[in-house]
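Reader: I have a structure to study and some questions about it. Can you take me through them one at a time?

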Amino acid sequence: MDHKVGVFICHCGGNISDVLDIEKIKESIGDVDVIEEYENLCSINGSKIIRDKIINENLDRVVIAACSPESHEKTFQEYVKPLNPYLMDMVNLREQCSWVHSQTSDSFNQKATDKAVNLINASIEKLKVSEAVDPILIQTTESAAVIGGGIAGMSAALSLAKQGIHVYLIEETPSIGGHMAKIGKVFSPVKIAEECGLCLLNPVLNEVVWNDNIEILTSSKLIKAERRAGSFNLLVEKKPRYVDTDKCISCGDCVEVCSQEIPNDWNDNLSYRKAIYKSFSQCYPDTYVIDIDNCDQCGDCKRTCRMNAISFRQESEMIPLEVGSVIVSTGHKLFNPDLRPEYGYSRYDDVITQSELGRILGVNGPTKGKLQCLSNGKVPKRVVMIQCVGSRDIKPDGHKYCSKVCCMVALKNANIIKHKYPDTDIVLCYTDIRTPGMFEKYFKHAQSDGVRLMRGRPGEVVKKDGNLIVRVEDTLTRKFKEIKSDMVVLSTAIEPSEGTKEVAKILNVSQTEDAFIKEPSPKIKPVMTDVRGVFVAGTAQNPKDITDSILQATASASKVSELINDGIDIEPFIATVDNELCDLCEECVKICKYKAASVKDEEIYIDPMTCSGCGKCIAVCPNNAVQINGNIEDKISATIKGILKGKKPGERRIIAFLDDVGYTSADNIGVNRLTYPESIHIIKVISVNRVLPKHIIYALENGADGIFIGEYPGDVMYDEVENKIDKIKGEISDNNIDPERLTFSKVYIPYFTGLARKFTEFDNRIAEIDELAK
Amino acid sequence: MVEKFREDSLDLEEYISHNIKSSKPKGLLKCVQCGMCTSVCPAAQHSNYNPRSMVECVLEGDTAVIEDEDIWYCFYCYTCHSICPADNSPCEVNQVLRQIAVDKGIADDHLIPFLGFGDSFLNHGIGGIPENFFPEMKEDIGDDWWDFKTHLDDVRNHLGLDPVFPSEEAIVEVSTILKSCGFEDRINKIRNHHKDED
């Protein structure tokens, strides 16, 4: 059947048209019905051009040669309406052409222009065999789980609950409240005065507790998560408190009789608590809990309790939850100062962290708010603060990023000390003071309070004649200083908590190279993750202050609400089963590594959210009852054909098949303006498993010089594909082609530099093979 | 008075970056002048040597730093290298600066203490701590070190290893090479020039 094909080329405001010769592209592409170019196709005007042409020229296939589908596929699927969204295909001229093949001074990059033509031809060929398929719309369950009960989690839960959504707030420790409860005083964007953290937190905490839509699960941990249709099936383990929360009246008699003394982690281990304890007086649930690992089960507390609330026979409970969305607000932990031994944190009692200083200055802390040295109980005459401990630090275990809040934290604690103890000298050693926006006023306030600022990063803290000595160069006066001090306070970096890393793994959410939760686009999708229905809030995503955490929490709650009201669109390229042919042998259920197939009401049910379209089930079905929507195999063949069209002698064309992860990684190469050879032509595939030996051999026999296959090792099909490669290499040899022309590689989103290098190395290798073949 | 802004400030930086022997990614341009290097530098505590300010000069393209006598106080302990949070290596920058000074012929005096290393190559065929350092080292490290040093070949023999020094034949070969390439002449020239000045 003859199709009417339209090609629309976007300049992307010069991003594409500065490097690629658009005129030449228009002249060189194959026979199509319409070729248009425009400055910004994604604009409203762009949409008019596309729609008018489709209607006036009766186009039934549309190529959009612009940016990555990751940025604008949804936009253009909307713009081509009423054309079926899968009869539109995007050619990635920006991320995978103009951004990776640099501009040669003044003139266009000819090789990249040629490549652009090949990519557009590939898209045209692919569209010619494409069929209209309808996206699958899934409605999500009207409930959500918020993991982590700190300020971000509580704010998100409240916002959801007030929108009528049922929320499970899951907290690992025995009480909700998080870091904010123990900070003491907090800084605020517009006020010079520090406010009481707990006083700001309490109303939020109470509201969370009182709201009927919120179910709080403390001492609880996410163990397992499974994505099913419009919902997540979560398994939560609730650890026993050994104290019945309904009976306990919080009288505290049990604490009196407990003989165990354990460092109190809520006070950063600066004081002791009993084995039966309450984290802090305003905690929720407002009852005691037994730290069973440190309890000798003597039974004294049980005998003393007049409410008979204590029982050592309580056991862990497994709670299954079904929710539509998940918000990850699992927070941060602080950099371990022992990793910078030059500052002597473990060697000297009076070298402490800002967090510990926060506890010391807190009225509910170990010294009831009295500032004192831990070694001798005296008020320090001088306090030296050291910034950037573990932040902006490229050395092993350090973090390259700035932890964002430590300048304000240090200034806050310095001001509090100055107000209460004006005679204490404070020296703040900094690399750069970062107090953006309104915080600058607070910085000026600290200066006028007499806090001394020293621009220099101290190299070490030593003890001389009983005094702590901080060695630092005052880089502004260029003088090397040894500052005698009674107390040294380290501003340690913010890093992702263990919970953040664990939950990311369980939910299969990508992490950044620093192990924070990663958003698909930190610029324009700041609360999303790469798993639809999972959102992130607070310091689980990156270092931020309380205000920003609340902002992000409420934003993520809105996103959950959007999903509930609007549903989720799913790509329809999944398995379908012809029930007439199926005899319920369940071979597909057994073989599916994604666990997408199951038996439901005497029929095979394929879960659309779980099925990856890998096609493994097609091969095992004895009755040929399984099919994958959208004739992917034909499309791959057609795409290969298009890429190889018009290959000139001496030219090198390499085809790289990449899965979703590999494709995003390749986009990142462009976003970061790294380069690789123009010979690399990328084809995105739903699953690498769908690339068959016949595709590879067809490509190699018809002009492809090399085949690069990239797959994310976390994909459950990875091992299978890896094993298959050797077999395919054998088949290639049988066809008298050098098997070294096929390569298989692991791909990861953050390691785009590695992918760029591998592309270049493979291109060199193929050049050598070509040389030998001559 | 307004000081002239150097238009070509990165020339010196580029030269140094391309001559640095560090295998790690280079951090010279990433230096934020935090001064951590100076605060740990043992030479900075006892002299006017300041690694941070040396790097500052390099980044500003101030070639006067090549003639700065203070750069010769660094003794390559590499503490600055191991602590720099930006992955810069002031001591390696220092080495390149010294090489430039040597090449310009303005640093012969500073090479005198190193001549012993050259002698070691000429006389023993391998590099090693110059013998004139031994008495002081014996005092600093102790008799055990000296005992180990003098019996090293016995220990190596016991472990099935060859002697520390290469064969006479090899020594002659190395020293022939060093003589014919002008190495010995260069050493003698520096030494004699120094004596003449005395």
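Reader: How many bridges join strand S7 of chain A to S10(A)?

Author: This is a predicted model. Strand S7 covers residues 166-170 of chain A, and it runs parallel to S10(A). One bridge pairs Ile170(A) with Leu217(A) in S10(A). The number of bridges joining S7 to S10(A) is 4.

Reader: Which strands of chain A stand at the edges of the sheet?

Author: The open sheet has 5 strands, paired in parallel, in the order S10-S7-S6-S18-S29 (chain A). An edge strand has a single partner strand, so one of its sides is left without a neighbour in the sheet. That picks out S10 (214-217) and S29 (534-536) of chain A.

Reader: At about what angle does helix H15 of chain A run to S29(A)?

Author: Helix H15 spans residues 546-566 of chain A. It lies across strands S6 (143-147), S18 (325-328) and S29 of chain A. Its angle to S29(A) is about 165 degrees.

Reader: What area do chain B and chain A bury between them?

Author: The contact takes 20 residues from chain B and 20 residues from chain A. Of the buried area, 50% is on carbon and sulfur atoms. The area is about 1,600 Å².

Reader: Which residue of chain A forms a salt bridge with Glu56(B)?

Author: The count between chain B and chain A is 3 salt bridges. In the one with Glu56(B), the closest N and O atoms are 2.9 Å apart. The partner is Arg478(A).

Reader: Which element gives the largest share of the side of chain B that touches chain A?

Author: Helices H2 (36-40), H4 (51-60) and H5 (79-83) of chain B each give two or more residues to that side. The largest share is 4 residues, and it comes from H2(B).

How values were computed:
Residues numbered from 1 in each chain as written. Chains lettered and ligands numbered in written order. Predicted model: local features only at pLDDT ≥ 70, side-chain atom pairs only at ≥ 80, totals over all residues. Heavy atoms only, no water. Pairing = 2+ DSSP bridges. Contact = heavy atoms within 4.5 Å. Axes fitted to C-alpha atoms, helices over the stretch in contact; angles between N-to-C directions. Buried area = accessible area lost by both parts, 1.4 Å probe. Salt bridge = Lys/Arg side-chain N within 4 Å of Asp/Glu carboxyl O.
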